[in-house]
Amino acid sequence: MLAFLIITAVKLAIIAGVFMTTLAYLQWVERKVIAHVQVRMGPSRVGPHGLLQPLADVIKLITKEGVLPPHVNKFFYLLAPFLAVFMALISISIIPFGTSITIPAFTIGSTVFGPYQTMMELADLNIGVLFILAISSLGVYGIALAGWSSNNKYALLGGLRSSAQMISYELPMSLAIAAPLLSAGTLSLRGISDSQAGYYLGFIPHWAIFQMPFPQIFSFILFMIAAFAETNRIPFDLPEAENELVAGFHVEYSSMTFASFFMAEYANMVTVCSVATLLFLGGWHPLFPASLGSNFVAPLILFIAGAVCIYHGLNPARPLDRITLPVFGVMFFALAGLMAIPQLVPILTPLFWFLAKVGFLLFVFIWIRATLPRFRYDQLMSFAWKFMFPAALINLLITGFLVAWFS
Amino acid sequence: MELFFFSLFALISVVCAINVVLQKHPISSALSLIGVMGSLAVMYLALGAEFIAMAQIIVYAGAIMVLFIFVIMLLNAGAESSRGRSWIVQVLGFPLMVALLGVLCYFSMQWFPDSGFVKFGDFQGGGAQQVGYALFTDYLLPFEVTSVLILIAIIGAIVLARKEMD
């Protein structure tokens, strides 16, 4: 019991710390990626390559004065950002990141502890998918209340748009999630991921998007489109459309309350990408089997990244690069070495594949933000009800029929 | 442990339910109602009906109450003005409610005399699989009738909306 509590506390600390840092640095990644898509530099002043920019932003946002406008409904005005962050952060607790970790037995003094085995997640719910859906359906309250309690017409319009949009897109999202569940036969996220282990013909992965009898690629596309709407990202960021609504639902917020809405948005992005990875992209199961060398992908990629860094450090574009890039290169080499240690391979390789897939999906989110314009509001609604919903329904019908036929 | 959680969430749900009635503003009432739904979901969870618990949150707290709040925001309903209540309500309201609860308790004790206390964690089979199996075997007719009812509601909504469009 005590060991369980200690292990859970340690996992909690690690996950919370890594998650918060990720959220802060996602902002940096987003600004850098969009800048490079638009042929700009992006943040580059604070620290090497602007790497300390998130820290500076956090300090700025904390130390700024939090203005409480006189015309707001105080209780709900202060409750709304809290709700938004709470609902966004709680989902990460049931996301599994990889396989299990075994801590070998050790002795302190004369007492023998262990061996302990623990799963790489905080909780494995047997209704994990439903939990994610429930939390995401509650997430709308933060935005709707923020819009309403601000007592501002732009904010109210943003809040209204957001609640209408999230109700509309929740339907196709739930239907798109239901299709892979039919072939997985479980609602636990770990179980779903494990049902996608294995390979057809020895090299085609058993991921849901390739899975027989009916590949779930359509569900995946529908889910991702609905996910963009659920997280209020471009091209569906109507609740905060700058050129129509000033800033939408958070127009009256300042300082940390303002930042908390952004934190919630990024946390929702990470959650949605993790769920997409677990449901459709096989979780931590690699793209090709270990017999074809999938265990060597992680060290190889990190080694190449390190080599590129060192090369550019030797031919620097800016004087500072002569120092910073080799340091990054050495860090990448160290990570590559860590990935290649045989004892750590069963733990780190699944983690690497999971993070790589989530990272790729996050990159797609940012990429689309840099590429696509915003929908018009009536287009958004008719797209949800006239295309997404029937398409998801037909997809579910075909999947259900084929699963029943072949089982 | 379970008793502690039961007491906590029973207390929360009762307080929230009273708050629904006491609050002057519709948004505050609606949010209190969400509190009631949430604590009911926790009780389902404690009883071992995890699927029902999540369905409770998704359907009631997540969909229906969002629509409520949406409508309240759309109509921009202000705080309700309290009209003068008649003396019958002022004098007899609370005693009558207590009497009604007493009668309800009496009859439920009469009809189910041998029912003991609810034991937490005794009930197995509240998962999605068991609920789905029960819905499509024992309760197939009520399930289908409910879906027809919902279809009628949808058709009614479309008819009403079309009249306005013409």
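How many residues of chain B are in contact with chain A, and how many of chain A with chain B? In this predicted model, 16 residues of chain B meet 18 residues of chain A. On the chain B side, the biggest giver is helix H3 (residues 50-75), which puts 13 residues into the side that touches chain A. Sorted by class, that side of chain B is made up of 13 nonpolar residues, two polar ones and one charged one.

What does chain B look like on its own? It has six helices and zero strands, and reading along the sequence gives the pattern α-α-α-α-α-α. Chain B runs to 166 residues, and 17% of them count as buried. If one takes the contacts in chain B with a separation of 6 or more, 64% of them link residues 24 or more positions apart.

Now for the nonpolar core. The largest one has 121 residues, and the members that touch the most others are A:Phe223, A:Ala226, A:Ala276 and B:Met54. Helix H10 (residues 255-280) of chain A brings the largest share of this core, with 15 residues. As a general background, nonpolar side chains in soluble globular proteins tend to be buried together. Which residues does A:Ala226 contact, once its neighbours within four places in sequence are left aside? They are A:Tyr169, A:Pro172, A:Met173, A:Ala176 and A:Met388.

Helix H4 (residues 128-138) of chain A is mostly covered, with 11 of its 11 residues buried. The buried residues of H4(A) include A:Gly128 and A:Val129 at one end of the list, and A:Ser137 and A:Leu138 at the other. Also among them are A:Phe131, A:Ile132 and A:Leu133.

Most residues other than glycine have a negative phi. A:Asn151, however, has a positive phi, near 60°, and is not a glycine. A:Asn232 likewise is a residue other than glycine with a positive phi, in this case about 55°. Both sit in loops: A:Asn151 in the one between helix H5 (140-149) and helix H6 (153-184) of chain A, and A:Asn232 in the one between helix H8 (217-230) and helix H9 (242-245) of chain A.

Are these two asparagines buried or exposed? A:Asn151 has 15 C-beta neighbours inside 10 Å, so it counts as partly exposed. For A:Asn232 there are 26 other C-beta atoms within 10 Å, and A:Asn232 is therefore buried.

Because it has 17 C-beta neighbours inside 10 Å, A:Val345 counts as partly exposed. How many residues apart in sequence are A:Val345 and A:Asn295? They are 50 residues apart along the chain, while their C-alpha atoms are 7.4 Å apart in space.

Terms used:
Residues numbered from 1 in each chain as written. Chains lettered and ligands numbered in written order. Predicted model: local features only at pLDDT ≥ 70, side-chain atom pairs only at ≥ 80, totals over all residues. Contact = placed C-beta atoms within 7 Å. Helix = DSSP H or I, 4+ residues; strand = E, 2+ residues; numbered from the N terminus. Nonpolar A, V, L, I, M, F, W, Y, C, P; charged D, E, K, R; others polar. Buried ≥ 20, exposed ≤ 12 C-beta atoms within 10 Å, placed from the backbone. Core = buried A, V, L, I, M, F, W, Y, C linked by C-beta atoms within 7 Å.
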